[in-house]
Amino acid sequence: YEALHPGDVEFYTKMWDDLTGFLTREIRKRDPKGLIFSYRFIRAMRWPDPWMEAMLRGVGPHVDGFAAELYADNAYREIVDDIGRIAEKPTVILDGMRAREFTYAEQADDEAEAASYDRMFRSLLASPWFLGGAVCEYRDKFPGNPYYSPRPTEARTGLRHADYGERPALLKTFINLHSQKYELKSASK
């Protein structure tokens, strides 16, 4: 796993290129103007990763942007910047962001979560390749997949909830980040 044989790099890049090319052509037949994002790749446990780079090189020419599930304990800024360097495409983070995917009620700490978002978004907003992000929240345990996550004892709604009134630390952080987003972007230039 640590290193791909040169023939493997070529094979996997071509495999992703052929598969993604076919799928995007089919999508474009039905929606020529739609935005197409990559497959959502989940939690890059280490970076750089030769397997993921082969995927980025194969998928990149066919998509408008990349969809990643990245967390605060990943090298998120480096990954987003390297996707831009390798594929010259932006990245949207769909799910993730916190150090843990699920913050259960008994582990809840809004101040720590707000500080984590502040660090992460400040760094990512300064990246020319960051398109935006969302946060993964609780879901019920699915009968078909009982090991996915235990049922939470209390819902934590986070970014998908329109009213942050009950979470003042998060509300304050997001207001501050939103009001500074253009400054943070221009500071990176």
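D81 is partly exposed, at a relative accessible area of 22%. In this predicted model, the D81 side chain meets that of R77 in a salt bridge, 2.7 Å from N to O. R77 is also partly exposed, with 25% relative accessibility. The two residues lie four apart in helix α3 (residues 76–87), so about one helical turn separates D81 and R77.

A salt bridge also joins D118 and R122, at 3.1 Å from N to O. Both residues belong to helix α4 (residues 110–125), where they sit four residues apart, about one turn. D118 has a relative accessible area of 22% and is partly exposed. R122 is partly exposed at 29%.

In total, the structure holds nine salt bridges. One of them pairs E69 with R40, with the closest N and O atoms 3.3 Å apart. This pair links distant parts of the chain: E69 is in strand β2 (residues 65–70) and R40 in strand β1 (residues 37–42), 29 residues apart. E69 is buried, at 5% relative accessible area, whereas R40 is partly exposed at 40%.

Helices α1 (residues 6–30) and α2 (residues 50–59) cross at roughly 40 degrees, and their axes come within 7 Å. The angle makes α1 oblique to α2. The crossing is right-handed. Contact residues include V9, Y12 and W16 of α1 and W51, A54 and M55 of α2. The contact comprises seven nonpolar, three polar and two charged residues.

T91 lies in strand β3 (residues 91–96). T91 is buried, with a relative accessible area of 0%. Beyond its neighbours within four places in sequence, T91 contacts F66, A68, V80, I83, W129, F130, L131 and G132.

Notes:
Residues are numbered from 1 along each chain as its sequence is written. This is a predicted model: local features need pLDDT of at least 70, side-chain atom pairs count only at pLDDT 80 or more; totals for chains, interfaces and linings use all residues. Side-chain values use heavy atoms; hydrogens and water are left out. Axes are lines fitted to C-alpha atoms, for helices over the stretch in contact, and angles run from 0 to 180 degrees between N-to-C directions. Angles under 35 degrees count as roughly parallel, over 145 as roughly antiparallel, 65 to 115 as roughly perpendicular and the rest as oblique. A crossing is left-handed if the near helix is turned anticlockwise from the far one by less than a right angle, and right-handed if clockwise. Contact means heavy atoms within 4.5 Å. Ala, Val, Leu, Ile, Met, Phe, Trp, Tyr, Cys and Pro count as nonpolar, Asp, Glu, Lys and Arg as charged, and the others, Gly among them, as polar. Buried means under 20% relative accessible area, exposed over 50%, partly exposed in between (1.4 Å probe, protein chains only). A salt bridge is a side-chain nitrogen of Lys or Arg within 4 Å of a carboxyl oxygen of Asp or Glu.
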